[in-house]
Amino acid sequence: MPIEDIRARQRQSLTNAAHSRLWLQLSEEMSMQQDHFHQLQALHGKYCHGTVATLPDGWTDIVKKFLGEMDDIGDLVDAVSLRFERSADGARAFAFPEMSRWHPHQMNSLRIAQRDLLHVSRETCERCGKGNAAPIAVGDGGFFLCEEHTAEVQEQLTALTEAMDDRARFRDSVSDILPPTTALLLPMTEYNTAIMRKALLDIKAIVEAKGLVGHVTATKVVESEGQLFLTVRFGPQVDPGAQFEIADIVKHAEWESDQASLAANKEDRDDAR
Ligand SMILES: [Zn+2]
């Protein structure tokens, strides 16, 4: 496989992972507020199953309407229990057990209410509950959002693309000292990104100044538990002076990373207090 294709694949899989993380983060942000769930429970305790709490907060009102319709269907629905699911195509309500014992009118009313809930949910912003919502894809998933909240998510998606472009540009700028298959697109903490970039650019400057392109390779550029690790290999053409200078850059970068990582951990601990 040509190297460009490998890189494109690396980028694609990293982009997919970033989009999945964004989807998860947004789902959590939009999840139903506890007091809204408790209000629904207080109003419609009979049918307000725990799965209602897994729906987005913006759908609180339409679920409330649905539960009200359930109450109106009548006594026979006492035997039934409902489950709710936020599916890819909207809010779905499932009724258990079998509906065969019900009067056809009741079954019909239930079906209409289920269908209405599904349809209305697709037009209701999951974040704020406004109408006129439209679907927006985020990774493999998606959301139904109003114009304002679609724009917000769109911005986050654009920021992810820009961050990836920025990492790809940096990778290109130091490609002379990297093995061709190194992606170097992986996100790092901000402090390690800055330290890593400076170190690689400094190494590249020495390599270029001394005519050593192709003889110095940064074989490992990784972040592990907040700490940056660099490994550089030298070809036989590289004189000890250049090796020493580059080893010094690596040592200094790792030391800086160690300091920054300690400082970041201390901040975390202070925040936790
Ligand atoms: Zn909205």
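## A tour from helix pair to hairpins

Select Ile-62, Phe-66, Glu-69, Met-70 and Ile-73 in α3; they meet Gln-106, Ser-109, Leu-110, Ala-113, Leu-117, Val-120 and Ser-121 in α4. Meeting here is contact: C-beta atoms, placed from the backbone, lie within 7 Å. Helices are DSSP runs of H or I with at least four residues, strands are runs of E with at least two, and both are numbered from the N terminus. By class, the residues of this contact are eight nonpolar, three polar and one charged. Nonpolar covers Ala, Val, Leu, Ile, Met, Phe, Trp, Tyr, Cys and Pro; charged covers Asp, Glu, Lys and Arg; the others, Gly among them, are polar.

This is a predicted model: local features need pLDDT of at least 70, side-chain atom pairs count only at pLDDT 80 or more, and totals for chains, interfaces and linings use all residues. Residues are numbered from 1 along each chain as its sequence is written.

Now show both helices whole. The axes of α3 (residues 60-73) and α4 (residues 104-121) come within 10 Å and cross at roughly 175°. Axes are lines fitted to C-alpha atoms, for helices over the stretch in contact, and angles run from 0 to 180 degrees between N-to-C directions. The two helices are therefore roughly antiparallel, the term for angles over 145 degrees.

Next, the largest nonpolar core. Of its 20 residues, Val-52, Leu-55, Val-63, Phe-66, Leu-67 and Ala-91 touch the most other members. Such a core is a set of buried Ala, Val, Leu, Ile, Met, Phe, Trp, Tyr and Cys residues joined through C-beta atoms within 7 Å. Buried means 20 or more other C-beta atoms within 10 Å of a residue's own. α3 gives the most to this core, five residues. Pick Val-52: beyond four places in sequence, its contacts are Phe-37, Leu-40, Val-63 and Phe-84.

Move to β1. Leu-82, Phe-84 and Arg-86 point to one face and are buried.

Seven bridges join it to β1, and the strands run antiparallel. Strands pair if DSSP finds at least two bridges between them. Find Glu-85; its bridge partner in β2 is Arg-92.

Last stop: β5 (residues 216-224) and β6 (residues 227-234), paired antiparallel over eight bridges. Val-221 stands opposite Leu-230 in β6. This hairpin has two residues between its strands, and Glu-225 in the turn has a positive phi of about 45°.

Definitions and conventions:
Parallel < 35°, antiparallel > 145°, perpendicular 65-115°, else oblique. Contact = placed C-beta atoms within 7 Å. Buried ≥ 20, exposed ≤ 12 C-beta atoms within 10 Å, placed from the backbone.
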